[in-house]
Amino acid sequence: MNEDFALVVPVALVWAVLAVVYALAPWGDMIGYAWVWGFGSALFLGLSTLLLRRRKSDRAGSPAAKP
Amino acid sequence: MADIYTERLAALPRHDRKLLKSMAAVALSALVLGILGGVVTAAARGGFLDIIPATGYRFLTVHGVSIFFYWLFTAQAALLLGFAAAENGRGLVWRGLAWAGFVLMLAGFGFSLTGSYMGTPLLYDGAPELGTDDPSGLLVFNLGYSLLGLGLLVLPASAIGTLLTPRWQAQQERLTAVGFALFAWAGFLMVTGFAALYTFLPGAAWALGIGAFPADHGTRWHIVFHNMHYLPLMATVILWYVLVRSLTGVTSVFGERFSKIVFSMYLVFVPPTSLYHMFLEPDLPGAVRVAGSLLSLFVSVPTLTAFLIIVASLEVHARSQGGRGLFGWMRMLPWRHPAMASIGVAVLSMALGITFAFVLIQGDLAPLLSDTFFVPGYFHFFTVGTVSLTLLAAFAVVLPAIGGRALWRPGLLRWMPWLAFAGLLVFGAAGIAAGYMGVPRRVIDVAYQSQSPALWMVLMAAVGAGGAVMALALTAFTAAVAASLWPQREPAPSHRGMTVAWDGHALRPGASAWVGPISVLVILIAMYSFTALGFELMQSLPVTASGGAAH
């Protein structure tokens with residue numbers, strides 16, 4: 001774990017809480033907010049897992065090495 | 001020390017440079033088209049141009065569609081990719097996704113403009129039932145924004161892959177502050193793309209006969225609007241951070257980790273503050289209204305904190321280079337570069353924009369001001385003065401670096417942001433005053449057959465005049481920046497003489513930095529004063545607030 005991961009995970013958590021609150025809100029039509037922030041929460045959770053991914057060595061011919 | 005971004009951008013692979021130039025060309029074209037729509041609208045509102053209201057609305061639609069959606073987001077996407085590639089140092093990965101996203105956005109632009117040409121599109125303030133009059137128009141217009149949303153979902157994946165590849169290859173322990181900011185920006189762009197799809201796909205599906213009627217389309221607009229408002233501001237602050245390093249060599253004196261915390265704060269603070277868009281909903285409970293007012297106070301915390309980091313870092317470095325006086329150190333900044341002039345105007349515009357934004361989102365003032373010209377009066381400080389000038393500043397650095405022509409006449413160009421600011425001050429002051437006076441914002445002709453107060457037309461004439469100056473300066477600036485898209489026959493001369501390099505120099509012990517905190521204090525005092533003025537004015541008028549579908 002590193003600081004990048006530690007800073008992104010709270011974003012996913014805050015957005016998840018927000019999505020739940022909006023989904024359960026008895027006033028207004030807030031389900032759209034729940035969908036958007038719920039998607040955002042899942043996305044940032046996915047991005048945080050990308051921050052944990054790591055290869056041991058540089059692979060020859062990786063996309064970045066191509067011109 | 002050499003400017004790392006300029007050098008890395010210059011060394012990008014040819015395919016990446018081609019993509020960035022194509023995106024910049026589309027973004028700048030959208031800006032020019034939007035400016036044309038805006039200046040015609042402002043002239044019509046100011047009484048300088050006699051056009052029928054339907055034509056005026058069409059120009060207003062082209063103005064909003066081109067600038068608020070396609071200029072701001074194509075430019076953001078291009079700059080995100082460019083700086084992500086520069087961070088990586090070896091170019092873009094998953095380039096096919098970047099191209100696919102760009103093509104989707106371009107197709108969306110075509111559909112949106114066609115929809116604007118076909119008729120009056122159903123916007124957020126229109127009754128959904130109006131869509132039944134022209135389903136084909138709704139289909140084309142909504143397809144445009146849906147394609148834009150899809151493009152925003154796809155394209156940032158390339159930036160994310162580019163930023164993370166060095167880490168995946170065990171060549172980088174953690175992202176740099178800029179790398180982390182770009183990573184967060186890319187994620188937020190994808191969420192905004194999803195929000196656009198959620199908002200606009202149902203209307204298109206209904207028009208195609210495969211979905212339910214979008215009766216709640218106004219609420220869906222609220223959702224996408226919140227992201228559309230704050231994402232460009234996040235992009236602006238990130239670009240200030242990058243450009244200040246490029247133009248002066250200065251990085252944060254508070255360290256990379258603190259910068260990352262501030263950039264992540266955008267993502268934590270922005271979503272919960274969206275409640276204030278609901279203030280005009282009649283069934284919103286009082287407790288939620290109070291919570292929304294309190295939360296709205298946090299909306300500018302990340303922006304102001306990032307502003308403090310940048311200004312304090314610049315001040316400490318300038319004082320270490322011999323800068324003196326409370327404000328005298330600012331003379332040492334590289335004002336000869338048009339990008340620095342743009343950032344200066346952007347900061348001033350942001351201060352004014354934030355001041356009046358806080359006036360508008362007061363729970364009691366929102367119903368009175370939201371449908372008045374106060375709104376366009378204040379938000380042009382953000383869209384033009386803050387965001388657009390920052391994006392243009394970034395292009396003024398990026399385009400010459402990726403192998404285009406050197407910046408055209410920088411000595412003349414550096415005055416364009418200030419000329420635009422002069423026009424903006426007239427436009428904004430007259431517009432905000434008109435809003436306080438009750439001038440409606442969605443009406444092309446406010447004369448009401450000479451029945452409206454005479455002052456209304458005077459203020460609208462000032463709006464038109466200020467808008468014309470602003471448009472002229474912005475068009476000149478845009479055209480000059482776009483000239484750098486043309487290939488250079490000879491190597492472009494370095495812009496080194498226009499910048500300073502304060503990195504690598506020891507900081508003077510005990511150097512103070514007061515301008516940032518003083519600026520925030522001035523903004524707070526101004527916010528309080530204009531809010532008080534708003535209440536005084538409104539209470540003196542013989543009107544009662546009534547909620548409407550405004551945001």
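A residue counts as buried here if 20 or more other C-beta atoms lie within 10 Å of its own. The model you're looking at is predicted, and it scores ipTM 0.88 and pTM 0.92.

After H2(B) comes B:Gly47, with a positive phi near 85 degrees.

Now zoom out to the whole of chain B. Its secondary structure comes to 17 helices and zero strands. Along the principal axes, its C-alpha atoms fill a box of roughly 65 × 55 × 45 Å. Is that what you'd get from a compact globule, or something else? For 551 residues, a compact globule would have a radius of gyration near 24 Å, and chain B agrees with its 23 Å. Buried residues make up 56% of this chain. Look also at the contacts in chain B with a separation of 6 or more: 86% of them are accounted for by residues 24 or more positions apart.

Take B:Arg58, which lies in helix H3 (residues 53–88) of chain B. It is buried, with 21 other C-beta atoms within 10 Å. B:Arg58 and B:Gly115 are 57 residues apart in sequence, and their C-alpha atoms are 10.0 Å apart in space. Then there's B:Ala526, in helix H17 (residues 515–540) of chain B. With 17 C-beta neighbours inside 10 Å, B:Ala526 counts as partly exposed.

Next, a look at two loops of chain B. B:Arg409 is in the loop between helix H13 (374–401) and helix H14 (410–413). Is B:Arg409 buried or exposed? It counts as exposed, with 11 C-beta neighbours inside 10 Å. Its phi is near 40 degrees, a positive value in a residue other than glycine. B:Tyr448 sits in the loop between helix H15 (416–437) and helix H16 (454–482). B:Tyr448 is exposed, with 11 other C-beta atoms within 10 Å, and its phi is positive too, near 45 degrees, again in a residue other than glycine.

On to chain A, which has two helices and zero strands. Of its 67 residues, 30% are buried. Among its contacts with a separation of 6 or more, 60% involve residues 24 or more positions apart. Helix H1 of chain A has 22 residues and reaches 33 Å from its first C-alpha to its last, close to the 32 Å expected at 1.5 Å a residue. Which residues of H1(A) are buried? They are A:Asp4, A:Leu7, A:Val8, A:Val11, A:Trp15, A:Leu18, A:Ala19 and A:Tyr22. Seen down the axis of H1(A), these buried residues fall within an arc of 110 degrees, so they line one face of the helix.

The contact takes 34 residues from chain A and 42 residues from chain B. On the chain A side, helix H1 (3–24) and helix H2 (31–52) are the elements that give two or more residues. H2(A) gives the most, with eleven residues. By class, this side has 20 nonpolar, six polar and eight charged residues.

Finally, a word on confidence. Chain B has a mean pLDDT of 88, and 93% of its residues reach 70 or more, though the pLDDT is below 50 over residues 545–551. Chain A averages 81, with 76% of the residues scoring at least 70; over its residues 58–67 the pLDDT is below 50. Where pLDDT is low, the predicted coordinates should not be read in detail.

Note on methods
Residues numbered from 1 in each chain as written. Chains lettered and ligands numbered in written order. Predicted model: local features only at pLDDT ≥ 70, side-chain atom pairs only at ≥ 80, totals over all residues. Contact = placed C-beta atoms within 7 Å. Helix = DSSP H or I, 4+ residues; strand = E, 2+ residues; numbered from the N terminus. Nonpolar A, V, L, I, M, F, W, Y, C, P; charged D, E, K, R; others polar. Expected span 1.5 Å × (residues − 1). Buried ≥ 20, exposed ≤ 12 C-beta atoms within 10 Å, placed from the backbone. Arc of directions from axis to C-beta. pLDDT = per-residue confidence, 0-100. Rg over C-alpha atoms; globule rule 2.2 N^0.38 Å.
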